[in-house]
Amino acid sequence: MKNPIRRIVILLLALFSITISAQETYSDTFSSVSYANNDGTQNWSTNWQEFNDNNNPANGYISINNDELRFRYIWSENIRRSADLSSYYTASLSFDWRTSSLESGETLIIQVSSDGSSFTTLDTFTGSQSGTFDQDITAYISSNTTIRFRKGGGDWSGNDDRAYIDNVTISTTSVPQTDSDGDGIIDVVDLDDDNDGITDEEEYCSTISASFLTSSDVGERSVVISHTDTGYLRLDFSSMDNSFQLDINGTTAHPSVLEFENGALDAGDEYFVFQSDGSFISQPWVANSNGIPRLRLIVNEFGQISLYGSRTTSSTTLELMEAQGGTPFNTIPWIPANNNTFTLTNQAGPGPEGFTGELFASAICDTDGDGISNEFDLDSDNDGIYDIVESGVLNESGVADSNNDGRIDGATSSSGSNGLFNAIEDVDTEYAIPSYSILDSDADGSYDAYVLDADGDGCNDVREAGFTDNNDDGYLGPNPVTIDAEGIVTSGSDGYTTPADNDSNTTYDYREVGSAPTITSQPVNTTTCPGCTTTISATVTADQFQWQYYNGVSWLDLSDSGVYSGTSTSMLTITNPTPSENNTQYRLLTSNDAFICGTETSNTAILTLRVNTVVTNRRVTYRVNKN
């Protein structure tokens with residue numbers, strides 16, 4: 001785990017990295033005798049509407065009395081009100097209630113509908129009691145969410161049969177309208193929130209995948225899968241026979257079992273059809289010939305669910321599906337930083353049942369711990385190399401970052417309706433598949449953009465890219481690290497330029513496995529004479545060579561001048577050495593172009609000079625003792 005103390009994050013990050021959801025209310029406190037009261041932050045789309053009564057709030061079997069909505073002597077009378085909740089992703093209904101003299105069988109019920117015509121009963125009130133009602137109605141969010149009060153049992157028999165309702169409130173949470181990359185697509189539907197060419201799904205981490213039940217005539221079966229800190233789920237079916245239900249943390253994906261075979265509808269099931277034309281596939285769904293799933297269910301970070309299907313085994317696209325009756329999906333309560341449990345059930349059918357496919361669960365994460373999650377972070381591992389570079393997307397035709405800002409040029413105007421750059425996707429839909437493969441240089445299952453050593457050679461990317469890492473921790477610059485609102489390191493002295501390719505083979509060094517040089521034969525001490533020529537050599541596997549000599553204080557590089565040549569090869573040649581070279585120490589430094597982290601230094605070799613055996617001076621010859 002990274003130490004949070006090592007990060008200094010500027011305060012501005014709070015504006016970008018925290019998802020802020022707007023809270024709105026639709027309310028009526030019945031403080032005035034009117035069916036048009038709007039006491040919340042938003043206005044209802046309709047007034048209260050009475051049915052089978054006089055529609056007068058001042059009198060009748062339903063009326064407003066003493067700041068309460070009053071019901072008395074109810075037979076067929078009922079009242080309803082609607083609100084447009086289509087822009088919200090959660091909603092709950094609450095109110096205060098009390099009853100008086102409702103005998104056995106006499107009840108008041110509260111109902112909700114997503115279309116204003118098909119209602120679901122949420123609760124029943126009877127007797128002489130009081131309380132507060134509060135329940136999630138997210139599953140009924142629509143442009144025409146309607147609540148209704150009516151009798152639930154027999155006719156109320158007496159004029160003293162009463163019920164009272166007060167403080168009716170629908171509390172909502174809106175989908176954030178934030179557009180982080182400015183491409184006109186809000187983050188909640190944008191497949192690439194930072195326009196770096198990597199989809200948000202690929203920028204999530206801590207993923208799991210699981211295979212499912214094969215076809216067998218054995219009755220209902222379930223598979224249970226757990227995953228910590230889930231924030232996104234994709235469920236792909238390659239085949240389906242004939243229905244399923246997904247339960248996440250105790251909440252089902254839909255109020256009904258999802259049925260996909262004609263004639264197999266049981267109690268609690270609902271047919272699912274293509275939304276565009278209401279068509280239904282009447283036979284068991286078998287695998288698609290081109291590899292795309294027959295069914296795909298997605299649960300996004302807000303717990304919202306969408307379902308897609310391919311019409312035939314040769315379909316190349318997925319199309320949005322819905323319940324035949326229009327009943328919306330539930331909203332899933334993700335449990336941040338804790339375990340989330342998925343229970344996938346295949347119901348018993350009239351014949352063999354089963355399905356095949358894969359569940360992909362992922363956590364929204366922040367790889368470098370800098371306070372910005374990967375889908376908004378342009379440098380997700382703080383190594384000084386943009387994600388757009390490490391992903392490899394710049395190798396794709398039509399993709400560039402000429403202004404070096406870490407985003408695809410033109411993405412703000414050429415990302416269609418789903419926020420993913422058009423040139424790197426198969427189709428402009430929310431289930432688009434990128435047309436390139438994100439780089440994983442060492443094939444370890446982790447993309448280059450999220451690891452500090454992409455090629456796995458023991459040398460951190462920041463150094464192999466040619467940038468400065470003051471404390472060798474793999475992050476650009478010194479410790480602590482500071483960043484800007486887009487996750488770019490601001491405390492380094494360099495970074496975010498073209499990474500090094502020292503061997504000029506068109507592969508950046510941080511992607512190319514390198515190693516330190518190997519010396520298999522060390523240089524040895526050498527004896528020669530003035531006016532002679534000698535060599536000192538080593539057997540080395542390396543790209544670069546540098547001979548040095550010791551001046552009594554430090555080692556200094558040699559160059560091809562004076563008595564020396566071959567100073568940048570594995571063999572140093574010394575021609576006509578003088579007495580000043582006697583007893584000089586030499587060594588060889590070696591390195592490999594694509595591996596900046598490793599050099600190899602040879603053993604020291606000493607040069608010794610000896611004089612010739614005969615010295616002649618002025619025609620007088622002296623013989624010198626050779627020892």
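Ring pairs join Y26, F30, W44, W48, F71, Y88, F95, W97, F125, F133 and F149 into a cluster. The model is predicted, with local features requiring pLDDT of at least 70 and side-chain atom pairs counted only at pLDDT 80 or more, while totals for chains, interfaces and linings use all residues. Residues are numbered from 1 along each chain as its sequence is written, and side-chain values rest on heavy atoms, with hydrogens and water left out.

Rings of Phe, Tyr and Trp (its six-membered ring) were paired if their centres lie within 6.5 Å, with planes under 30 degrees apart taken as stacked, over 60 as edge-to-face and the rest as tilted. This rule gives 29 aromatic pairs. The pair of W97 and F125 is tilted, because the ring centres are 4.7 Å apart and the planes stand at 40°. W97 belongs to strand β7 (residues 88-100) and F125 to strand β9 (residues 120-125), so the pair ties together parts 28 residues apart in sequence. Strands are DSSP runs (E, at least two residues), numbered from the N terminus. W97 is buried, at a relative accessible area of 15%, and F125 is buried at 3%; buried means under 20%, exposed over 50% and partly exposed in between (1.4 Å probe, protein chains only).

A charge sits over a ring if NZ of Lys or CZ of Arg is within 6 Å of the ring centre and within 35 degrees of the ring normal. The charged end of R98 sits over the ring of Y164, 3.9 Å from its centre. R148 lies over the face of F119, 3.8 Å from the ring centre.

T126 is located in the loop between β9 and β10 (130-136) and is partly exposed, with 28% relative accessibility.

Terms used
Helices (H or I, at least four residues) and strands (E, at least two) are DSSP runs, numbered from the N terminus.
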